[in-house]
Amino acid sequence: MTQALDDLLDLLDLEQIEQNIFRGSSRSALVPRVFGGQVAAQALVAAGRTVPADRTAHSLHSYFLRMGDPGAPIVYTVDRIRDGRSFTTRRVVAVQHGQPIFHLSASFQVREEGLEHQADMPSAPDPESLPTAAEMLPRHLPAEVARRLVEARAAVDLRYADTPPWGSVGERREPRSQVWFRTNGKLDEDTAGPLLHVCLATYVSDMTLLDSVLLAHGRGGWAVGDVVGASLDHAMWFHRPFRADEWLLYDQESPSASGGRGLGQARIYTQDGRLAITVIQEGVVRVPRD
């Protein structure tokens with residue numbers, strides 16, 4: 001396991017300070033605010049720690065309310081909405097400086113058998129044939145920006161199947177993007193339960209989902225500064241078991257952008273073709289004013 005992955009696991013290991021109340025810290029990000037994937041993953045950790053062990057997360061719905069302060073702790077308060085025979089529902093509010101910055105509702109289910117079908121996995125290049133972030137980023141970005149981006153994502157091996165938006169500024173492309181990802185190191189099978197894998201996928205899911213919005217308009221994004229933006233809401237459905245330390249294909253597209261907002265939707269597949277997760281996110285995507 002790499003040091004960066006070990007640090008991320010520490011970040012997700014929240015401190016319980018009272019029944020239904022947890023505290024988490026933050027890590028530095030590319031922008032002076034808490035990374036949205038971090039607060040979403042931590043909130044899901046908090047919810048999951050109040051749920052019986054025989055129930056796994058099957059969906060989450062969340063809103064980003066205020067920018068988080070990376071220099072201050074985040075307090076997560078869990079509301080035990082419902083404990084049914086098959087489903088458990090939790091609501092989590094993340095608070096900093098006395099104000100809510102994030103709200104999450106999550107549902108957990110006892111595993112059961114049922115009807116089965118899924119959308120076919122799209123074609124994609126072999127992840128091992130693609131350059132790593134450390135190899136690719138310096139080709140397209142200034143050295144300092146590339147270094148900071150590699151450092152911010154060091155816990156994850158994330159590989160673009162095609163040129164990312166900041167590598168094709170000014171070129172309008174189909175609003176589709178594919179990346180392969182897995183943790184940068186193997187997880188301990190004895191201690192890393194299903195909740196941790198789901199939370200790690202939640203963390204990564206906020207990294208690239210709005211790339212497809214940028215591609216449609218030839219914009220490079222936050223890394224080059226030709227748009228400003230932030231996540232507004234984020235929803236995920238977990239369909240089938242998966243491991244976050246094995247390759248997952250993140251197949252993303254944008255069906256719409258309007259009103260200063262862009263919508264991204266995606267499916268995440270295991271390498272052997274099982275549909276594991278569906279993701280939808282809307283974010284602010286604005287062209288900077290002169």
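How many aromatic pairs does the count come to? The count comes to 4 aromatic pairs, where rings of Phe, Tyr and Trp (its six-membered ring) pair if their centres lie within 6.5 Å, and planes under 30 degrees apart count as stacked, over 60 as edge-to-face and the rest as tilted. Two of these pairs are set out in the table.

| Pair | Centre to centre | Angle between planes | Class |
|---|---|---|---|
| F35 and Y203 | 5.2 Å | 85° | edge-to-face |
| F64 and F102 | 5.0 Å | 55° | tilted |

F35 sits in the loop between β2 (21-24) and α2 (36-48), and Y203 in helix α5 (residues 194-208), so that this pair links parts of the chain 168 residues apart. Y203 is buried, at 3% relative accessibility; buried means under 20% relative accessible area, exposed over 50%, partly exposed in between (1.4 Å probe, protein chains only).

F64 belongs to strand β3 (residues 55-64) and F102 to strand β6 (residues 99-110), so their pair ties together parts 38 residues apart in sequence. F64 counts as buried at 16% relative accessibility, and F102 at 1%.

The model is predicted: local features need pLDDT of at least 70 and side-chain atom pairs pLDDT 80 or more, while totals for chains, interfaces and linings use all residues. Residues are numbered from 1 along each chain as its sequence is written, and side-chain values use heavy atoms, without hydrogens and water.

The protein chain has 6 helices and 12 strands, taken as DSSP runs (helices H or I, at least four residues; strands E, at least two) numbered from the N terminus. Of its 290 residues, 46% count as buried. The C-alpha trace spans about 55 × 45 × 40 Å along its principal axes.
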